[in-house]
Amino acid sequence: MVELPTKEELEKLYHEKGHDALVWYAWRNNLRALAALGMRPLHEIWDERTAHHVYTVCRVPLILSCWMTIKRDIFKPMIADDTEKKAKPIASASAVVKSSIYAVKIAYDSDEAIITNAVSSANAMRAAHSFNATFVTVVSTAAMNDYIFLKNYFGSVGEALWSSQPLWGKVDEPSWFVEIRKQLDRALRLLDLGFLSDDLNNLFDNKKNNQRIVNYNNDWSEAITNDSSALH
């Protein structure tokens, strides 16, 4: 099995490249994990308040995509405990939720907690694809490549980095990942969350989202987050 960056390696990276580097690392792990939600119908994962839970988890990488603009001062994508607890015990779904939680924690935490959650973010990404050994190898390789890229990155980690590096680096997007992305896209559209899928697809495809992306940082009431029309 391909090794992931160790805690010691990520700690050194943190001290050399700063907090933003590990936010970027966890953000990309979270994106690769998120697609695994497409493996099962979303109402089978959350049979109640489905739209609310899906939106809560899926908005995390969208907000992190504008991290250099909003930073932690107004970063708000907290994930309610029940989003994790209410998820059916399906391994990939649980791992995806954990991936989003770790990404959020890295954005808020400092020092030792950041390092620990960075390690956990990669482990959660790998667990999200644990149903297929090849998938695990591919996402693990991608995480290691991200670490190597950051380690060798000259200059400070800035806004340009968020849009300059394709999710899979110098290799093509794996065909199996394209397929589960399509499944997630269909699942989101069945919930009338096509706008959410469009914005996620832009991230997957390394395309720039428009300025409304910052609206995902708003604290909407559950009456809105569980109503796809109101969200739109």
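The points below cover confidence, helix packing, salt bridges and one serine.

1. Confidence. Please keep in mind that this is a predicted model. The chain has a mean pLDDT of 87, with 92% of its residues at 70 or more. Confidence is lowest in helix 6 (residues 81-85), where the mean is 67. At the other end of the range, helix 11 (residues 175-190) has the highest value, 96.

2. Helix 4 against helix 12. Helix 4 spans residues 50-64 and helix 12 spans residues 194-204; their axes come within 10 Å and cross at roughly 35 degrees. The crossing of this pair is left-handed. On the helix 4 side, Tyr55, Cys58, Pro61 and Leu62 make the contact, and helix 12 contributes Leu196, Asp199, Leu200 and Leu203. Sorted by class, this contact has 7 nonpolar residues, no polar ones and 1 charged residue.

3. Helix 2 against helix 4. Helix 2 (residues 19-34) packs on helix 4 at an angle of about 140 degrees, and the two axes are 10 Å apart. Here too the crossing is left-handed. Val23, Trp27, Asn30, Leu31 and Leu34 of helix 2 meet Val57, Cys58, Val60, Pro61 and Leu64 of helix 4. The class count for this contact is 9 nonpolar, 1 polar and no charged residues.

4. Salt bridges around Arg181. The count of salt bridges comes to 11. Arg181 pairs with Glu173, the closest N and O atoms being 2.7 Å apart. Arg181 also forms a salt bridge with Asp205, with 3.0 Å between the closest N and O atoms. The Asp205 pair links distant parts of the chain, 24 residues apart: Asp205 sits in the loop between helix 12 and helix 13 (222-225), while Arg181 belongs to helix 11.

5. Exposure of those partners. Is Arg181 buried or exposed? With a relative accessibility of 9%, Arg181 is under the 20% cut-off and therefore counts as buried. Its two partners are classed otherwise: Glu173 is partly exposed at 26%, and Asp205 is partly exposed at 35%.

6. A pair within helix 11. Lys182 forms a salt bridge with Glu179, and the closest N and O atoms lie 3.6 Å apart. Both residues are in helix 11, 3 residues apart, which is about one turn of the helix. Lys182 has a relative accessible area of 41% and is partly exposed; Glu179, at 40%, is also partly exposed.

7. Ser92. This residue is placed in helix 7 (residues 91-108). Ser92 has a relative accessible area of 10%, under the 20% cut-off, so Ser92 counts as buried. Which residues does Ser92 touch, not counting those up to four places away in sequence? The contacts are with Ala36, Ala128 and Phe131.

Definitions and conventions: Residues numbered from 1 in each chain as written. Predicted model: local features only at pLDDT ≥ 70, side-chain atom pairs only at ≥ 80, totals over all residues. Heavy atoms only, no water. Axes fitted to C-alpha atoms, helices over the stretch in contact; angles between N-to-C directions. Helix = DSSP H or I, 4+ residues; strand = E, 2+ residues; numbered from the N terminus. Left-handed = near helix turned anticlockwise from the far one by under 90°. Contact = heavy atoms within 4.5 Å. Nonpolar A, V, L, I, M, F, W, Y, C, P; charged D, E, K, R; others polar. pLDDT = per-residue confidence, 0-100. Salt bridge = Lys/Arg side-chain N within 4 Å of Asp/Glu carboxyl O. Buried < 20%, exposed > 50% of the residue type's maximum accessible area, 1.4 Å probe, protein only.
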